Amino acid sequence: MRNLWLFPGQGGQNPGMLDQVDPQLKEQVEKWTNVKLLDTAEGYQDSVQIQLSILLLQIDQVDQLKKLGWQPTLVAGHSLGIFAAAYAAGVINKEDIFKLVTLRAKLMQECYPEGYGMGVVVGLSRPEVKKLVAEVHSDTNPVYISNQNSEMQNTISGKLIAIKQVLALAKENGASKAKLLHVPNPSHSPLMQKTADQLNTFIAQLNLHQPSCIYLANYNGHAVRSLKDIKYDLGNNVIYPVLWETMMQVALEYQPDVSSEFSPGTAFTKLLKAKTDQLHMVTLSAMSIDDADYLFNKWEKKE
Amino acid sequence: MTEEKNWHTHRDAKNARLASASSLFNGKFAKTEDVVEVLNTLIKPGDKVVLEGDNQKQASFLSEALTKVDPERVHDLHMIMSSISCPEHLDIFDLGIASKMDFSFAGPQSTRVSQMIADGTMTVGDIHTYLELFGRLFIDLIPNVVLVAADKVDREGNLYTGFNTEETPTIVEAAAFHDGIVIVQANEVVDKLPRVDIPSDWVDVIIPADKPYQLEPLFTRDPQAITELQILMGMMAIKGIYAKHHVQTLNHGVGFNTSAIELLLPTYGEQLGLKGKICRNWELNPTPTLIPAIESGWVQSIHSFGGEVGMEKYIAARPDIFFVGKDGTMRSNRALGQVAGQYALDMFVGSTLQIDQWGNSSTVTNGRLSGFGGAPNMGSNPTGRRHSTPAWQSLKPDDDPLAKGQKLVVQMVETFGANKKPVFVDHLDAEEVRKEAKLANVPIMIYSEDTTHIVTEEGIAYLYKTDSMEERKAAIEAIAGVTPVGLRSNPEEVKKLREKGIVALPEDLGVRREDAKRSLLAAQTMDDIVEWSHGLYNPPAKFRSWS
């Protein structure tokens, strides 16, 4: 059975989501990172809390599924999600992944104290959004097209003043939705180069392993099998758009039997449902690991 | 006297290869577990290799084995494949086993194909129509090795390919008579074959497969997924094209639009008194949605490119209609089917993802180099055609003493496709894709000059009646709805085009939108189709409802 494991990034966090997480693992993570994980609405105002909590939730689920004998054929992470994806692919160990993401979250928090962020445009194609971005972008007011979540849903990243101009243009040009996102930095754009440089320095001294499955890279939307490409993605995905639509297109060409979306949320399963009805879909935020295990067993037997 | 030239170097090379692998063979048979070593030994770097894979049947045992050969021994293969359908067809490029590809269709792998061309992992010879690719196997792409799939093989090495004969004989012939090596995977070894589809003389190596070859039910459409808009378009097409032009011989593309038409023949077509007058002889895979029309006496004959999962018993029980051997199973043939589709038909009806302002259409879109399969052969007007039929003749211009008829090539599309993207565009994405993939030609599926009709939910454009490109563009705009192309249309112009008979709206055809109801379909569920077939049709699992 070919299983596609999907790891969402920031956005779906909610207070209490760590209730079911292995308490020992949580304690261990707090020790490794020197961060007390609050798992409260207040806590989730802070992006270090958000990134570490989501990662913890996903790593805990990966461990539980692997303990039951399940392995991914393909892994795909969206933005922050690539770290749990790399862990699931056996590329990086637990301690290193938490330290790496702590660094990443802190760097991202510090890099642009104010005036920068992200927006989302729904209902225009990527070339259409690109054109609007080109009209607004300048050296003093930079804005870039960033994540490609689906064909008609793209984000933009840059200086808020420029983002707002693009959003207004998008509405004039028929976008069904164009709004600011609650993201305090211009993620997935060249403006994050400094963050990438520091991450790469940290990653260079880690002991990483060849992946045990196919990894879908954010930065170019390709299916990759080499450690070199995954390493590049881990360090540099902050400066590239997440080419999610392309990643999913490629993933489907590998003809998976099942997709499994790790917590939190179900957004990527919904996007996938709009593209195909050819595979079974599991969302771990909506069912227990036991239920997922039961379904996997049932589907594997049917093959 | 100079030394005599050796005129049988190919044969010598083939014999040497087979001799070097002889320890792996017992007669023509090799063991299942030796498959990788057989390929390691018989295939040489730079070989032209045909790996059988079309849009339905896959030599999956051999294609998986090919991913496991040693890239030190087997590399830089030039693959020739009518369809790139399975992940492993591209994995051999990632693994350094193959480097060049000539193909027709890559729909199920089109994103990876685009990526591999962009990063240089794959060089593309060309994107072909099926007939071009089959033709070149005998001209300048003569294969060194072919890897094909058979259902059954007897002890002497004769092959039975049955329902899914498809292109196997064509591929095997190109190798067998020019000293290529023919390697066959077989589902089953038997003492007596139902019939011989390919004689053992043409075959070099047979390897029993670990499991039956992969087969896709590609032409099965569940009537429940047909929309009322598609029913409306079907009614317009039947009245405004099929009946108007007396279309008797035809092919339908793969789509819900044409399924709707098939299911409207026994109801709406019957009401119009068209039975026996249209849609008599078909070049078409055995699509289940045609069963009601067959059962109610509309269809005289169907020749098929390939089989269709679940239709076996039904076909066996209807030898008057299908091409069936003495043994009671169908024989298909993609090469001959494509010849028939190009030359012997009144009409081809297809669908597409984009149509440009001039009427060119393509399924190649940004980031997806899909190729086209059968549409470009069947959707082209064979200008060398001689024989006349009422439909062909009805498109003959009357102002030229040497004029001849034309094939009807019909595109049926809704003005907005999946994801609410406009189908009608000023420029095809294919123009950009040509640049990115460095292709010699823009990958157009059906050219404007060959397209005679376009049907949308708005109406029909009779493009063959236009006498300038300006008029052709105006006719397309008139039926392009609220797409950017359609918004250029103005009522004044549409009125003129309707008067000239170049554009017909539903009311011009006497088709009432409110009549386009699901109840008009001869079968509304898969169960209905099974019932029409007297229980002979056995739908594949994924189309069965358990409720």
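Trainee: Which residues of α4(A) meet α7(A) in this predicted model?

Mentor: In this predicted model, Leu100(A), Leu103(A), Arg104(A), Leu107(A), Met108(A) and Cys111(A) of α4(A) meet α7(A). On the side of α7(A), the residues are Lys194(A), Thr195(A), Gln198(A), Leu199(A), Phe202(A) and Ile203(A). By class, this contact has 8 nonpolar, 2 polar and 2 charged residues.

Trainee: What makes Cys111(A) a contact residue here?

Mentor: Two residues are in contact if their C-beta atoms lie within 7 Å. Cys111(A) is among the residues of α4(A) that meet residues in α7(A).

Trainee: Why are α4(A) and α7(A) called roughly antiparallel?

Mentor: The axes of α4, residues 94-111 of chain A, and α7, residues 193-204 of chain A, cross at roughly 160°. Angles over 145 degrees count as roughly antiparallel, and therefore α4(A) and α7(A) are roughly antiparallel to each other. Their axes come within 10 Å, and α4(A) passes α7(A) in a right-handed crossing.

Trainee: Why is Ser79(A) called buried?

Mentor: Ser79(A) has 22 other C-beta atoms within 10 Å. The cut-off for buried is 20 or more, so Ser79(A) counts as buried. Ser79(A) is in the loop between β2 (74-77) and α3 (81-88) of chain A. Its phi is positive, about 60°, although Ser79(A) is not a glycine.

Trainee: Why is Asp76(B) called partly exposed?

Mentor: Asp76(B) has 14 other C-beta atoms within 10 Å. A residue is buried at 20 or more, exposed at 12 or fewer, and partly exposed in between. Asp76(B) is therefore partly exposed. Asp76(B) also has a positive phi, about 55°, and is not a glycine. Its place is the loop between α3 (60-66) and β5 (77-83) of chain B.

Trainee: What makes Asn538(B) partly exposed?

Mentor: Asn538(B) has 15 C-beta neighbours inside 10 Å. Asn538(B) lies in the segment after α19 (526-532) of chain B.

Trainee: Which residues does Asn538(B) touch, not counting those up to four places away in sequence?

Mentor: Asn538(B) touches Gly310(B) and Lys313(B). Lys313(B) is 225 residues from Asn538(B) along the chain, and their C-alpha atoms are separated by 8.1 Å.

Trainee: What kind of peptide bond joins Ser263(A) and Pro264(A)?

Mentor: The bond between Ser263(A) and Pro264(A) is cis, with omega about -5°. Pro264(A) is found in the loop between β9 (258-261) and α10 (267-275) of chain A.

Trainee: How is chain A divided into domains?

Mentor: The domain assignment gives domain 1 as 3-111 + 190-302 and domain 2 as 116-180. The centres of these two domains of chain A, taken over C-alpha atoms, are separated by 26 Å. Their contact takes 9 residues from domain 1 and 10 residues from domain 2. Helix α9, residues 244-253 of chain A, gives the largest share of the domain 1 side, 3 residues. By class, that side has 7 nonpolar, 1 polar and 1 charged residues.

Trainee: How many residues of chain A are in contact with chain B?

Mentor: In chain A, 10 residues are in contact with 9 residues of chain B. The chain A side divides into 3 nonpolar, 5 polar and 2 charged residues.

Key. Residues are numbered from 1 along each chain as its sequence is written. Chains are lettered from A and ligands numbered from 1 in the order in which they are written. This is a predicted model: local features need pLDDT of at least 70, side-chain atom pairs count only at pLDDT 80 or more; totals for chains, interfaces and linings use all residues. Axes are lines fitted to C-alpha atoms, for helices over the stretch in contact, and angles run from 0 to 180 degrees between N-to-C directions. Helices (H or I, at least four residues) and strands (E, at least two) are DSSP runs, numbered from the N terminus. Angles under 35 degrees count as roughly parallel, over 145 as roughly antiparallel, 65 to 115 as roughly perpendicular and the rest as oblique. A crossing is left-handed if the near helix is turned anticlockwise from the far one by less than a right angle, and right-handed if clockwise. Ala, Val, Leu, Ile, Met, Phe, Trp, Tyr, Cys and Pro count as nonpolar, Asp, Glu, Lys and Arg as charged, and the others, Gly among them, as polar. Domain bounds come from an automatic or database domain assignment.
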